[in-house]
Amino acid sequence: MSDIFNITWKIKSFEELSIHELYEILKVRQEVFVVEQTCYYLDADGYDQKALHLFAEKEGKVVAYCRIFPEGVKYPEASIGRVLTHPDFRNLKLGKTLIQFALEAIKTRFNTSECRISAQDYLIKFYSDFGFQDTGKKYLEDDIPHTEMARK
């Protein structure tokens, strides 16, 4: 039985990641986005080097993760992407903590509260709880329905 104790939160630039951390991040991203969601795409998209990597570790395993970008990288606003919680740890509600930490990092590191995301449609309500609003832009990304959402 997993618990919320012994979880360590980290935020690092690409250059600050250890080889072990990078491996665990790429592994969990593939487990969730490629295997679990049966979505075949190139995860190593050239943006990791421009991102801050926010993640939670438990006993060396990445259990929650997202990438955070400054303004002008993915969108004119700051943005959050590759948001995930490891399947074995979803009962801990780490996603909420992850997004709270990501928004705080955007505010403190980039001096803005504006943020834009590409949300899988089933998570629209989840992101709405953090102040994100549907921009009306809906599209398929790797055959998965997405909605662009913005937070002012």
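**Exercise 1.** Classify K10 as buried, partly exposed or exposed.

Solution. Take the cut-offs: buried is under 20% relative accessible area, exposed is over 50%, and partly exposed lies in between (1.4 Å probe, protein chains only). K10 has a relative accessible area of 25%. K10 is therefore partly exposed.

The model is predicted: local features need pLDDT of at least 70, side-chain atom pairs count only at pLDDT 80 or more, and totals for chains, interfaces and linings use all residues. Residues are numbered from 1 along each chain as its sequence is written, and side-chain values use heavy atoms, leaving out hydrogens and water.

**Exercise 2.** Find which residue K10 pairs with in a salt bridge, and where the two sit.

Solution. Start with the rule: a side-chain nitrogen of Lys or Arg lies within 4 Å of a carboxyl oxygen of Asp or Glu. K10 pairs with E57; their closest N and O atoms are 2.8 Å apart. Strands are DSSP runs of E, at least two residues; helices are runs of H or I, at least four; both are numbered from the N terminus. Last, check E57: its relative accessibility is 10%, so E57 counts as buried.

**Exercise 3.** Trace the salt bridge of R29 and the network around it.

Solution. R29 bridges to D43, with the closest N and O atoms 2.9 Å apart. R29 lies in helix α1 (residues 19-36), D43 in the loop between α1 and β2. Both R29 and D43 are buried. Shared partners join R29, D43, D45, D48, R67 and R82 into one network.
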